[in-house]
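I opened this structure to see how its parts are put together. My notes follow in the order in which I looked things up.

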Amino acid sequence: MTLSDYFEGEKLLKKYGISSIKSRYVNSAEEAIANADGKPIVMKIISDKALHKSKSGLVALDLKTDKEIRSAFNSLTAKAAKLKPYKVIVQEMSKSGIEVIIGGKTDPQFGKVILLGLGGIYVEAFKDFAIRVCPISSSDAGSMIDSLKSENVITYGSENRKMLEKLLVSVSEMLVNTELKELDLNPVILRKADYDVVDIRILK
Amino acid sequence: MKADLQNMLNPKSVAIIGASRNPDKVGHIILQNYINSGYSGRLFAVNKDAESILGVKAYRHVGEIKQKLDLAVIAIPAQFVPQALEECGKAGVKSTIVVTAGFEEIGEKALQEQIVRISEKYKMPMLGPNCLGVMDTRARTDTLFLPTYKLSKPGVGYVSFISQSGAVGSTILDLIAGEGFGLSKFISYGNAAYIDESDILEYLMNDDDTKVIIMYIEGIKDGKKFIEVAKKVTKKKPVVVLKGGRSAIGQQATLSHTASLAGDYQVYEGMFQQFGFTIANDLNELLYYAKVLVSEPEPKGNRIGIITNGGGAGVITTDAVGAVKALKLAGLSKKSQEILRKTMPPLVNIRIPLDLAGDAGGDRYETAVSTLRDDDNVDMIIVIALFQTPGADSSVVAKLVHFKADMNKPMIVISIGAEYTQIHNHMMEESGLPVYDSPVAAVNSLAELFKYYQYKHRK
């Protein structure tokens, strides 16, 4: 299995109308500073050897000053030395919301399946997720949301619920039409009226 | 359809290949069971050495029978099965059940492929190999090679049971025999070499004598085919499934969160939820859910009314309702409150759970049940009858059974205890009133009933 390039994933999502947060690779702290343009940013290490980026300390959040960016760049690249080859990616800092994971994989028996779960760092701890076989309808998407224990945590009313249903149906469509083994959109940050896909991981 | 199981389940004529005079042999037991169960079609034994077995005329080869044969049950060592199938094919036998083990399950893949090829060549549906075969309580067909004294046989009913495993199959059959709801058909399909679980599910979907299907599986032969059948079957009748093999032994290391969460069992579970299966987590849950699904009507909503003659049991049951997302506790209508206030002794608190007190007999139950039956705020009724109390006796059973006849909403009973209780439970179960020995099981069963109809009507 090989990890697809981050921006290849971003392009694929875009094709299905799924918006991800603005990102780019940087080669130096100075490049990151220039790119930040005074707004707070996130810096991450991308490597196929690193599955748990936050847990392994490979993510630096909410970097506001040049000094913060510089020191984050130095410490992240130092930690990443043993994860070569790696890349440094910078993103806009997403506005706060609820973190969910939306994923997919090719199951040997049933083909493409889609997963929705309480996301971020809680994924493995709470194991609160639902799986369906693709393609899914919006009522399948609704029943995925309903079957979560954290149903009330991740949705705020019917507007937001519809948005999530639509997103799930789009991801399912993308899964059906794309050759891939595994997909993680984790986290996807859900807010009342919009969302950001903050991390994309596609394994082919 | 590939698998018309009619010839296996309701054959007009059967040959037992490998019938033996030796009572220890599988072929002997199968023949004996056909005779014992009162099978009324024509029965033939095939045995190279015997003239007759158990009074049934024996032939050296199936081809010598020279009569139309709907079914051949094959119970001879694996290496002789291809030859026997060839003979069946040439003799025009319509279907076969191969109970013999020793095929793919022990690595003999080529031998299994060989018998599939022969079955295909003659377009002769084959069940098995490595299976217990079938039981049909109406047709009085029984190919199970288990001596009658070891296994109680279920009565006639509307629940059909599919099992991949023979041993789990016979255990559950024995348990079903102890329940009041009975059995329609049992199909143990073993290695699924020719007829697989999807074929069987599709057959039972169209079977009028099957109202509920229960299944024990460990794997599915063809996932895509299964899903196509699954989409249709659960819109027609409930299917309760227990899937063995949950642990992730041998699962590959994964590089994504999704794949690490979505192991084989989790994918199965998601698929079952998606297509409206009722998921059982243990053998007894298969029976709990089958019982309520086969006997109770569709509920109009999810509000539970509870009647009890013991405060504690009422509280435990109320707690169980609170723990289930799908259900709610009902409130009593004004009218019901008035009726109950007038008819119940002053010590009875007029609310749900309605505690009739320990001296309640049949009459008090009658008033309570009829009031909840007529109350539009109550969608389903749980009646707790503890027979250890001073007031409860057979009069309670008589009243409850009487209600069952024309009850328009689901009603189940919780009754827990030893001999005296069991006598009463037996009477209720035989009258089609589902009885549970655990408040949690009873409440979960109603939740599954509600969820099934919710799915059935989902667009």
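Which residues in α6(B) are buried? I found that Glu197(B), Ser198(B), Asp199(B), Ile200(B), Leu201(B), Glu202(B), Tyr203(B) and Leu204(B) are buried in α6(B). Here a residue is buried if 20 or more other C-beta atoms lie within 10 Å of its own, exposed if 12 or fewer, and partly exposed in between, with C-beta atoms placed from the backbone.

**Ground rules.** I am reading a predicted model, in which local features need pLDDT of at least 70 and side-chain atom pairs count only at pLDDT 80 or more, while totals for chains, interfaces and linings use all residues. Residues are numbered from 1 along each chain as its sequence is written, and chains are lettered from A and ligands numbered from 1 in the order in which they are written. Helices (H or I, at least four residues) and strands (E, at least two) are DSSP runs, numbered from the N terminus.

**Helix α6 of chain B.** I stayed with this helix, which covers residues 197–205. Eight of its nine residues are buried, so α6(B) is largely enclosed by the rest of the structure. I then looked for what covers these buried residues, and the cover includes β10 (159–163), β11 (185–188), β12 (212–217) and α7 of chain B. Contact here means that the C-beta atoms of two residues, placed from the backbone, lie within 7 Å.

**The sheet in chain B.** I traced an open sheet of seven strands in the order β9-β8-β11-β10-β12-β13-β14 (chain B), with mixed pairing. Two strands pair if DSSP finds at least two bridges between them. β9 (141–142) and β14 (278–280) of chain B are at the edges with a single partner strand each, so one side of each has no neighbour in the sheet. Three bridges pair β10(B) with β11(B) in the parallel sense. One residue pair I checked there is Phe161(B), whose bridge partner in β11(B) is Phe186(B).

α6(B) packs on this sheet, where it touches β10, β11 and β12 of chain B, and its direction makes about 175° with that of β10(B). For such angles, axes are lines fitted to C-alpha atoms, for helices over the stretch in contact, and the angles run from 0 to 180 degrees between N-to-C directions. α10(B) lies across β10, β12, β13 (239–243) and β14 of chain B, at about 175° to β13(B).

**Chain B as a whole.** I noted 16 helices and 20 strands in chain B. Its radius of gyration is 25 Å, close to the 23 Å that the globule rule gives for 459 residues, so chain B is as compact as a globular protein of that length. The radius is taken over C-alpha atoms, and the rule is 2.2 Å times the number of residues to the power 0.38. Along the principal axes, the C-alpha atoms of chain B fill a box of roughly 80 × 60 × 35 Å. Buried residues are 50% of the 459. Of the contacts in chain B between residues at least 6 apart in sequence, 76% join residues at least 24 apart.

**Two domains in chain B.** The assignment for chain B gives domain 1 (6–293) and domain 2 (298–456); such bounds come from an automatic or database domain assignment. Their centres, taken over C-alpha atoms, are 38 Å apart. Twelve residues from domain 1 of chain B and 14 residues from domain 2 of chain B make the contact. On the domain 1 side, α7 and α10 (283–295) of chain B give two or more residues each, and α10(B) gives the most, with five residues.

**Where the chains meet.** How many residues does each chain bring to the contact? Chain B brings 20 residues and chain A 29 residues. On the chain B side, α7 (223–236), α8 (257–261) and α9 (264–274) each supply at least two residues.

Six bridges join β2(A) to β4(A).
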